Amino acid sequence: MLSATYPLALLLVISVLVWRRFFNTKLPLPPGPPARFLIGNLHQLPEKEPWLQYAEWAKEYGPLVTLRTFHHTQLILNSAKSALDLLERRSAVYSDRPVAGWRRSRAAIRFPRYRKMLHSGLNRRATQLYRPTQDHQLRVFLRGLAASPDKFMIAYGYNVSTDDDYLVKLVDEGARIMTEIGQPFFYVQTFPILRFLPSWFPLAKFKRVLAVNKPVLDTLEAAPNEWAQKAIDSGNYTESFFSQYFHPEGGQVVHGEEMDILKWTAASIYTGGAHTTTSAIASFFLLMSTHPEIQKEAQDEIDRVIGRDQRLITLEDQKALPYVSAVLKEVLRWAPVAPLGAENNADFRIPKGTTVIANIWAITHDSEVYADPFVFDPTRHLGENPQADPFNFVFGYGRRVCPGATLAEDSLFLAISNILATFNISRALDANGKDVEPCVEWKTSIVTMAMNFGCRIVPRSPDLLASLGV
Ligand code: HEM
């Protein structure tokens, strides 16, 4: 009996060792603030500007910080190196998105075709097709100097011509609803199974909020597609992402699931592009009003290269305007538009389902990468040894990197260079005519935004503005 026990025990030990060596891939997760029994770090999660607290924790626990809420794990990457290592080099593993509140992320299934469409509709060559659109929108924008999102035009060939535009208002309303419903979704994000609860159940508030707002969200998805389809049928349309697919030169017809993906992709372009560009322009106004010397330096460069009151600046002028280009980089570094990027879900190694978040704000304020990171200084991007290019960080990482980056860079360059050419921006004045120091609040949302600040915008090239012809 004893003789049989030893081989059995040995076999058991060997099996455990083999299992641990080859099958147990569970590595300890990086540290994070101490978690409480059951709720984990729930009580410590900041309600406002979470990227700031995450960066604070990184000082204590290192660039990778683990947070837990109930059984759900989040891994926050606070350095460029960790974000590039995990999300860029192993992007296949981290490209899924978490449950999107009311429906499972279909990206996993449709991901390859969705990304292919995004890439071919928004790559450098394709974006040249949209140049006339960009030019028109720029003129409308300068004329009204209103931050109206111009992405309808790119996605559908829709022309935003007034500040009171129906589709613009619709997308604003959609953004408001998404912010409103962000919080109640918290538990469904953590426990996806809750989405099967009946809507009267106490924990199912997300279902009730959605039911009220569903008509607007449905219209948001359907209305621009219907508009674009009608325009193409009538033969009177402008080249757009939608028209390229719906009415390709080869004459092939899109239908079935492909059409569904096309609509979904076009919708993601205008929702992805709507508030991002506006946010960057808001930060630009804020920074120009508080940094008159930098504004003047940029305007001097424009006057030297283009001439004052001569013509609008085009993308062809960009190389000749390095200081203005550096201002754009510095705006996006100093005030990253999407401070926490978008969440990515891990598939293996790091426990499956872990949400991986790149803290873009921490990355662009890392003093090891950017000397004096809180100082707004475009010259850090100039000279023989410029500091790291923020464009490599602010658009996200890996397979889910922002497909609109090229378009965004182009549109923003056109916008800020021409605003500098045609307007002077300065601090707002109080009732006694004294400068008001802006007291900025940043919107806590996927796309942040400088809010509640005023500034003065005074034309500096009235003749040029008068000749815009829109
Ligand atoms: C300053 C401007 C912009 C910034 C900073 C920005 C940033 C980002 C970031 C950080 C992500 C998440 C990437 C990730 O998961 O790692 C993203 C996704 C996305 N962006 Fe942008 N974006 C900008 C403008 C635009 C524009 C103009 C468009 C469209 C024309 C656009 C379309 C999209 C889309 C469709 C996605 C989702 C991609 C996917 O799910 O695979 N973005 N963007």
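Me: Where do Glu 330 and Arg 333 lie?

Reply: Helices (H or I, at least four residues) and strands (E, at least two) are DSSP runs, numbered from the N terminus. In this structure, Glu 330 and Arg 333 are both in helix α14, 3 residues apart, about one turn of the helix. This is a predicted model, in which local features need pLDDT of at least 70, side-chain atom pairs count only at pLDDT 80 or more, and totals for chains, interfaces and linings use all residues. Residues are numbered from 1 along each chain as its sequence is written, and side-chain values use heavy atoms, with hydrogens and water left out.

Me: What do Glu 330 and Arg 333 form, and how far apart are the closest N and O atoms?

Reply: Side chains of opposite charge can pair when their charged atoms come close. The term salt bridge is used for a side-chain nitrogen of Lys or Arg within 4 Å of a carboxyl oxygen of Asp or Glu. Glu 330 and Arg 333 form such a bridge, with the closest N and O atoms 2.9 Å apart.

Me: Is Glu 330 buried or exposed?

Reply: Buried means under 20% relative accessible area, exposed over 50%, and partly exposed in between (1.4 Å probe, protein chains only). Glu 330 has a relative accessible area of 0% and is therefore buried; Arg 333 is buried as well, also at 0%. Salt bridges with shared partners join Glu 330, Arg 333 and Arg 380 into one network.

Me: How many salt bridges does the rule give?

Reply: The count comes to 12 salt bridges. One of them joins the side chains of Arg 131 and Glu 316, at 3.2 Å from N to O. This pair links distant parts of the chain, 185 residues apart: Arg 131 is in helix α6 (residues 131–144), and Glu 316 is in the loop between α13 (292–305) and α14 (322–334). Arg 131 counts as partly exposed because its relative accessibility is 27%, whereas Glu 316, at 60%, counts as exposed.

Me: Which parts does the pair of Asp 389 and Lys 329 tie together?

Reply: The side chains of Asp 389 and Lys 329 meet in a salt bridge of 3.0 Å, N to O. Asp 389 lies in the loop between α15 (360–364) and α16 (391–394) and Lys 329 in helix α14, so the pair ties together parts 60 residues apart in sequence. Asp 389 is partly exposed, at 27%, while Lys 329, at 17%, counts as buried.

Me: Which residue is the protein donor of the iron atom of the ligand?

Reply: Donors are N, O and S atoms within 2.8 Å of the metal (3.2 Å for Na, K and Ca); water is not among the atoms, so sites may look incomplete. Here the only protein donor of the iron atom is Cys 402, through SG at 2.3 Å. Cys 402 is located in the loop between α16 and α17 (405–422).
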